[in-house]
Amino acid sequence: MSDGQDRRNDTPLVEDRLGTRARIFGTERAVLAGIDAGPGQGISIEESMRELESLARTAGIPTLASVVQKRKRPAPGTFLGKGKVDELRRAVDELGADVVIFNDDLTPAQARNLEGALSHKVIDRTQLIMDIFAQRAASKEAKLQVELAQLRYLLPRLRGWGAAMTRTGGGIGTRGPGETQLELDRFKVKLRIHAIERRLKKAVSERSVRRQQRSRSDLPQIVLVGYTNSGKSTLLNCLCDADSVVGDKLFATLDTMVRRGEVSSGRWGLFIDTVGFIRRLPHDLVPAFAATLEAVRHADLVLHVIDRARSSWERDYRVVLGILEREVFREEDRRPTIVSVLNKIDTVVDVSTDDADGVPISAKEGTNVDRLLARVAEALFPDDRVVELLVPFSAIGTLHEQTTPERVDALEHTGEGIRVRARLSARELQELTAAGAAFSAFAASQDGRP
Ligand code: GDP
Ligand code: MG
C-alpha cells in the first residue's frame, strides 16, 4: 500500500484507502437502486430517481436501468431485500453495467455486503455527489473543501473498510493486525483533516489573487445555476455549439463545462455550467458545494434555471436565492445580475398566470431562447447603440480593435474613409471618436444586426 509520500499531487488520501472502489469514472455505466418508503418523503420516488439519474449524468455516467423496492425501511444487511438484490444482480449482469448507485446513504456493512452480492462496485448518493464536486472543483479552496468532506465521510467508515481489507487478520478477542492498521488509518486521516483545515484558512486569503486573474479575461461570464434536473446542461447545449468548449487555463478542470456562445450578433460570452443545487444535500457537503460554485461569485450574469414543471417551483426559486445569498456570496462581493429562467414550459399547460420576473422557455424545444438571449444582452451590454460613423483611414485599426466584423456594416467608401453602421458600447464609441471617427447618426434599430 502506498504511503502519503508516494501520492500524486492532488490525489486525495481517500483513494489510497479505498482504491477505486469509492470513485466513479466517466467511462462507466450505472444501474440505479432505491427504496420507495411511501408518501411523506417530500418528493415522489420517481422524481427522486430522476434526480439521481441527473446527478449521474452530471458525473458523466449514463444510467442503464433503475431498480426500486417498496419497503418501509432499508434492510440492515443489504439495504434491499434478498430477492431484490438478486434481481439487481441480474440487471447489472445483463446490461453490462459497471457500477450500482444507491439513492440513499449506505452503512459500511451494507456497502460491503452489496459489493459481495453484486460483484460490482457499489456507491451511495453522498459518494456520487462528492465525486461530482471533486470533478468540478476548480480552485484550490474548492479542492480542499471537497477532500475535507470526503475524509470526514470516510473517518467513521474506516472500521468497515478496515475489517474488509483484513478479513484474514487476527482472531476473535485478539488485537490483530487489522486493528492496528485501523488505528493507524484513523490517525493518518485525522492528521490530513487538520492539515486541510489549516490550508483552507490560507486559501481564503489567496482568493483576491484569483479575482485579478479573472478580470483579465475579456469575455463576460454567464453562470448557470439551479437545482439538479432543472435543465442547465440542456440550456447550455442550446445556447452554445458543441464544439465551442473553452480551454481557458483559468478553468483548467472545468473546461468541458465552459463554452463560448453568441449573446447577440457579434457579442460573445462564456457560458459556465455548474454542479447546481442538490436536494437532500448532506450537511457536511455544504462548504464543498459552496466552493464549487466559485464561478458564481465572479460571474457577470447568473442564469437561474428553474424547473417550471415542478409544483414547488416557486419555493425552489426562493430557496436557491436564499442559499446563494447565505453560502455563496461573500460580504465583500459585488452581486451579479440574476436572470430567472422558467424552463420546461412545453410541459406546463398554463404559464400565463406567472408573475415572476422570469423568462419562460423550453430548453428542449428551443422555445423563447431568443427572448432569453435578448435579456442577457440587455443586462451585459446595456449601453449598446447602433450608430453611423465616418471612420477615417487612420482610424480603421481602432475600428478593428474595438469591434467584431458581425457588428459593423460598411455603407460607403469615400475619399476620406469608410462610412459604417455599427453596434457599439458607449466606451467603444468614445475610443473611435477619440481616434478621429465622426459620429453622424443613431440608427433606429437597437437590436439584431446593425
Ligand atoms: P441539469 O441537471 O440541470 O443539468 O438538467 P439536464 O439538462 O440534465 O436536464 C434534466 C432533464 O430534464 C433531462 O432529462 C432533460 O431532457 C430534461 N429537460 C431539460 N429541459 C427541458 C425542457 O425544456 N422541457 C422538457 N420537457 N424537458 C427538459
Ligand atoms: Mg447538468
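Predicted model: local features only at pLDDT ≥ 70, side-chain atom pairs only at ≥ 80, totals over all residues.
I started at ligand 1, where a nitrogen atom sits 2.7 Å from an N or O atom in the side chain of Asp-346. The protein covers 84% of the 590 Å² of accessible area that ligand 1 has on its own.

An oxygen atom of ligand 1 lies 2.7 Å from a polar backbone atom of Asn-229, and an oxygen atom of the ligand is 3.1 Å from an N or O atom in the side chain of Ser-54.

Then I went through the shell. I found 17 residues around ligand 1, and Asn-229, Lys-232, Ser-233, Thr-234 and Asp-346 come nearest. By class I got 10 polar, 5 charged and 2 nonpolar residues. Helix α10 gives the largest share, 3 residues.

On to salt bridges: I get a count of 22. One of them joins Glu-197 and Arg-152, at 2.7 Å from N to O. This pair links distant parts of the chain, with Glu-197 in helix α8 and Arg-152 in helix α6, 45 residues apart.

Buried or partly exposed, which is Glu-388? I checked its salt bridge with Arg-419 first, where the closest N and O atoms are 3.5 Å apart. Arg-419 is in strand β13 and Glu-388 in strand β11. Glu-388 has a relative accessible area of 17%, so I put it down as buried, because buried means under 20%. Arg-419, at 27%, counts as partly exposed.

Last pair: Glu-428 and Arg-407 form a salt bridge at 3.1 Å, and both residues are buried. I also noted a network of salt bridges with shared partners, made up of Glu-47, Glu-51, Arg-279, Arg-310 and Asp-316.

Methods. Residues numbered from 1 in each chain as written. Chains lettered and ligands numbered in written order. Heavy atoms only, no water. Near = heavy atom within 4 Å. Polar contact = N/O pair within 3.5 Å; in protein donor to acceptor, adjacent residues only side chain to side chain. Areas by Shrake-Rupley, 256 points an atom, 1.4 Å probe, with all protein chains shown as cover. Helix = DSSP H or I, 4+ residues; strand = E, 2+ residues; numbered from the N terminus. Nonpolar A, V, L, I, M, F, W, Y, C, P; charged D, E, K, R; others polar. Salt bridge = Lys/Arg side-chain N within 4 Å of Asp/Glu carboxyl O. Buried < 20%, exposed > 50% of the residue type's maximum accessible area, 1.4 Å probe, protein only.
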